[in-house]
Amino acid sequence: MRITAASFPTPHFIQVSSNPAVRDQQAGFAQLHAGGTNQALDRLNGLLEAATSQAERVNAFEQTYRELAQWRYDLSERSSGQRPGATPESYRASIGRGFVTDPFGKGTHRDGDLRMNSQGTLFGGTETPASRLAARLSDIAAARFDAEAPDAEVLQNKVRLPDGTTVNGNQIQRGRAAAAARNLPENVKDFYCTQTGTEADRKALQQAAFTSLAELEAQRASGRTDLLEDPAARQAFVEAEYFIYQGPEFQRGGDASIRALLVAAHTRVFDAPVKLPQDIDVMAYVASQQDFYAHVERHQTVLTTDAPAVQPEIAQVAARAAVPATRRTTGQERG
């Protein structure tokens, strides 16, 4: 079964323009996404067919992830894959010992000139899909602070792994902490940031994702054909989605690479592509672990209709992929 653009709805969080031409270009990226993911699936199939151990299965998913990072870098050198304010090198640069922040809140991500009144409230500009999503994320973050850290400016996500252990994930920041993260001169009302975790924790979460996917593949390889009907198997996949979003590696383009990996992995393991929630990345950053699981359960859709293959948009990725070497210690914003 081949993967189509239907697997990749345009994320609302990037829709910050009211210009129809910009919206069309953003929507067109789904075709490129499908092409790259089909080629990644072919590569993943070959690696997994040759795998004879669990370690080799884990490595197959990890290698595919890194090759997809190379694919996103290749796209960044073309006009169809560029994003404002991003250099191609940032698409294969590792977060390393630094961190990445993502700002959101009520009044942010609007199209046009933003202003702030004396109470710190942002106003102005035109509402966009991104601004509506940013406001919803603000409400989610506020509710979490009220329930989990009412007197704090930093909320630490703790991710529970399948073996019962916990690993620190990202942080959600508000107040002075969020203002400092974005170099703002004063506090902004209803303004938040997420900040990626430490390098060691991110690597642990990334490996947990690859391991969960490899365990599902082992079940498929053993002859199971009922994985799609097995709630435990579907839950294990959703857990892997959360782990890898909590353990990102690249400064820019990480969401595109992760989406491609997840769709390829789902197609391989369950023999069916999946339509990812358009907000899967930001919900992983902001919602609690259990609320993320519930959100994906409601909004993730299995695509069972076969369709013609989309022309692959990458060539010889496997030969050119490499582990990123660039490291930065200053905060960066993902694109």
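**Aromatic ring pairs in close-up**

**View 1. Tyr65, Phe210 and Phe250 form a cluster joined by ring pairs.** The model shown is predicted. With rings counted as paired when their centres lie within 6.5 Å, the count comes to ten aromatic pairs.

**View 2. The rings of Tyr65 and Phe250 make a tilted pair.** Their centres are 5.7 Å apart and their planes meet at 50°. This angle counts as tilted because stacked pairs have planes under 30 degrees apart and edge-to-face pairs over 60. Tyr65 belongs to helix α2 (residues 54–76), whereas Phe250 sits in the loop between α6 (231–246) and α7 (254–270). The pair therefore ties together parts that are 185 residues apart in sequence.

**View 3. The rings of Phe104 and Tyr192 make a stacked pair.** The ring centres lie 5.7 Å apart, with the planes at 15°, so the pair is stacked. Phe104 is in strand β1 (residues 99–105) and Tyr192 in strand β6 (residues 191–195). These two residues are 88 residues apart, and their pair links distant parts of the chain.

Key:
Residues are numbered from 1 along each chain as its sequence is written. This is a predicted model: local features need pLDDT of at least 70, side-chain atom pairs count only at pLDDT 80 or more; totals for chains, interfaces and linings use all residues. Side-chain values use heavy atoms; hydrogens and water are left out. Rings of Phe, Tyr and Trp (its six-membered ring) pair if their centres lie within 6.5 Å; planes under 30 degrees apart count as stacked, over 60 as edge-to-face and the rest as tilted. Helices (H or I, at least four residues) and strands (E, at least two) are DSSP runs, numbered from the N terminus.
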